[in-house]
Amino acid sequence: MTEAVIHLHPPGRLAALVGNPNAGKTALFNRLTGSNQKVANYAGVTIERKEGKLALPSGKTVRVLDLPGTYSLHPRSPDERITCDVLQGTARGEKRPDLVVCVVDATNLRRSLRLVLGIKRMGLPCVVALNMADLAESRGMRLDPDALASELGVPVVSTVAVQGDGDAALRALLERPEIWQPTTTLMPVPQPPGDELPDHERVRQILERLGLDVVAPHLASDRIDRVVLHPVIGPVLLAVLLFLVFQAVFAWAEAPKGWIESATAWLGNQVGALLPEGYLRSFITDGLIAGVGGVIVFLPQVLILFFFILVLEESGYLPRAAFLLDRIMGGVGLSGRSFIPLLSSFACAIPGIMATRTIANPRDRLVTIMIAPMMTCSARLPVYALLIGAFIPNRKLAGFELQGLVLFALYLAGILGSLAVAWILKRTTARGLVRPLMMELPTYHWPHLRSVALGLWQRAEIFMRRVGTIILVLTIALWFLASFPTPPEGATRPAIEYSIAGMLGHGLSLLLAPIGFNWQISIALVPGLAAREVAVSALGTVYALSATGEGTAEALSPIIAHSWSLATALSLLAWYVFAPQCMATLATVKRETGGWKWALVMAGYLFALAYLASFVTYRVALALGWG
Amino acid sequence: MRRDTFSTPELPPVRAATRRLCLDGVPLGQPFVVQRVLPDANVPERARQLEEIGFNPGEQVMVMTRGIPGGDPLVVRVGQSTFALRGAEAACIQVEGTGGRAA
């Protein structure tokens, strides 16, 4: 699927926010534009593009672009490259900004002002927002925006992005027409490499003259770090935190999941009653509503997980978690930066894969994408629940629920599988490579409800948009495969057996017989490609049940318990740990890696792994007499 | 497994008497001053990147904590920021004592 590149620029002046990472740039952007934001991607690359509209006191509006944070104009990651390209006017489909707002962390002027000097040299009109001014002053720094302005030669205002009217001075500044006037030439002035020292020296002199050349310790943050980064307490704290997050993801999501399921069933019934029996009804109720509903059901879990991720990110904890895990990840050839995408993948691999964009090293990013689907996403749970409920006796083993232990083992199998794959890739593709870390650990902040809410809203929008496009198309295609051709007159077996999906399933069953799958399972795996949990309702269809949703699993449980062997059930569980049973994930991989190559490699190796795991499981189970 | 990461950057020979003190080998919690960032022949962009995030000559640095096991990566305070660095990255930052000045 490709995205159209629109070269039509909307009217209005364009201001770009540029600054160091952790300078409070996005908070300022949120403060300026409120909920009036559009989140999309930059043309041709999968880097999040945030644009908003700022209404000035005079009633005029300005378009504001939130560029990815950067330490310099020498890009070190794809995000930083976009910032440089947009500022130079060479980014595809992007207008060169009319004005650059340099967002500067007032508590860290030395580093930020270097970027300001670099941007100023590019010849764009430029103003400086001295952000976190309150924090700097509470640390005893006396900021004088006017003095700084005359040193830098550009207008400077103080801002406090996290305060109600903290952006008033900036808004007033943007009203003044003269700041939008091009200063000299619009030609970008390329900076020769190695010409950095004068800038750093200039900044040092400016700060010395303004009396800001002090290094204040951040006591509060350091005190927290003494616990959080402690060699023993730190990892324990991280483990407890992750455990609580997972508890919440599964416990809190139960109620909303139930509402969505009943709403979907209700809607299906209502619409079904209005339509005459036939293809249209089957298409709308079984294909469209059930298919899309089956994916929306995961929205609560995705949102709860993202709520925690956003809070941890805002507070400054996530980079510390990445630091704590860096050594373990290093053992398998990854860096701590891969931790966040992999964590997200436990809700759904799609946001996880999208979160790999922050990994600068292309090899690390690709490896993280390739192993992300092995993290047990929530779509596997309905399948796990069905099989465990039907086959694993509900009794205790050494004080633990046996069913819970099996579920835990399945999670563990996915994690260990992914570590093993990453380790093999390390031995083969990353010999002797030391990947950069250089990860900033920002000072701790209380998370701001407003930013968290906005971030969540944007996640929900992205997820729903995917449901609306890729997943919808795939659901329709698979409904078609499972419905046509129609069974002949007087057919006795379920309709799905006569369809293309049925034929594929029968063909597949030859291939899958060695791992213990019967033809019913093989057929169910075909529509299960749309989304894993669809296999449950597909099994229901194959076993000629009319119930839908939760009813299917309840009715199905005794049937499969009766007709499958334990070896087959364990083999199917092993299959689900690894098999890439999710077209939407593969489509996301294609988009994120810019081609089908890696999506196909992923599908190939995961299917091979699933087959191997199922084969071993099945054979071992048979040998143990569980056939 | 990653003992090889503490590679010594290639440099013109220094006077034998001066032992280079680098950020990967300094004690925790003591302030030092960056003398210079040494280039690493294997990772040519590293020196520039370290300078961009604030490791400039004259800047105050302090190792806050070290990862376990093996002391890699390190948490380093540079000026007003805190960064996690790999041992190999810290090994590129040559430092000297502050001469008794406190942080």
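**A guided look at chains A and B**

Guide: Helix H2 of chain A is followed by A:Gly89, whose phi is positive, near 80 degrees; helices here are DSSP runs of H or I with at least four residues, strands are runs of E with at least two, and both are numbered from the N terminus. This is a predicted model, in which local features need pLDDT of at least 70, side-chain atom pairs count only at pLDDT 80 or more, and totals for chains, interfaces and linings use all residues. Residues are numbered from 1 along each chain as its sequence is written, and side-chain values use heavy atoms, with hydrogens and water left out.

Visitor: Why is A:Phe243 called exposed?

Guide: A:Phe243 has a relative accessible area of 52%, and exposed means over 50%, buried under 20% and partly exposed in between, with a 1.4 Å probe and protein chains only, so A:Phe243 counts as exposed. A:Phe243 is found in helix H9 of chain A.

Visitor: What makes A:Asp222 and B:Arg77 a salt bridge?

Guide: Their closest N and O atoms are 2.7 Å apart, whereas the rule asks for a side-chain nitrogen of Lys or Arg within 4 Å of a carboxyl oxygen of Asp or Glu, and therefore the pair qualifies. The count between chain B and chain A is 3 salt bridges.

Visitor: What covers the buried residues of H2 in chain A?

Guide: The cover includes strands E1 (13-19), E4 (61-66) and E5 (99-105) and helix H3 (109-120) of chain A, and among the buried residues of H2 (78-88) are A:Ile82 and A:Leu87.

Technical notes. Chains are lettered from A and ligands numbered from 1 in the order in which they are written. Contact means heavy atoms within 4.5 Å.
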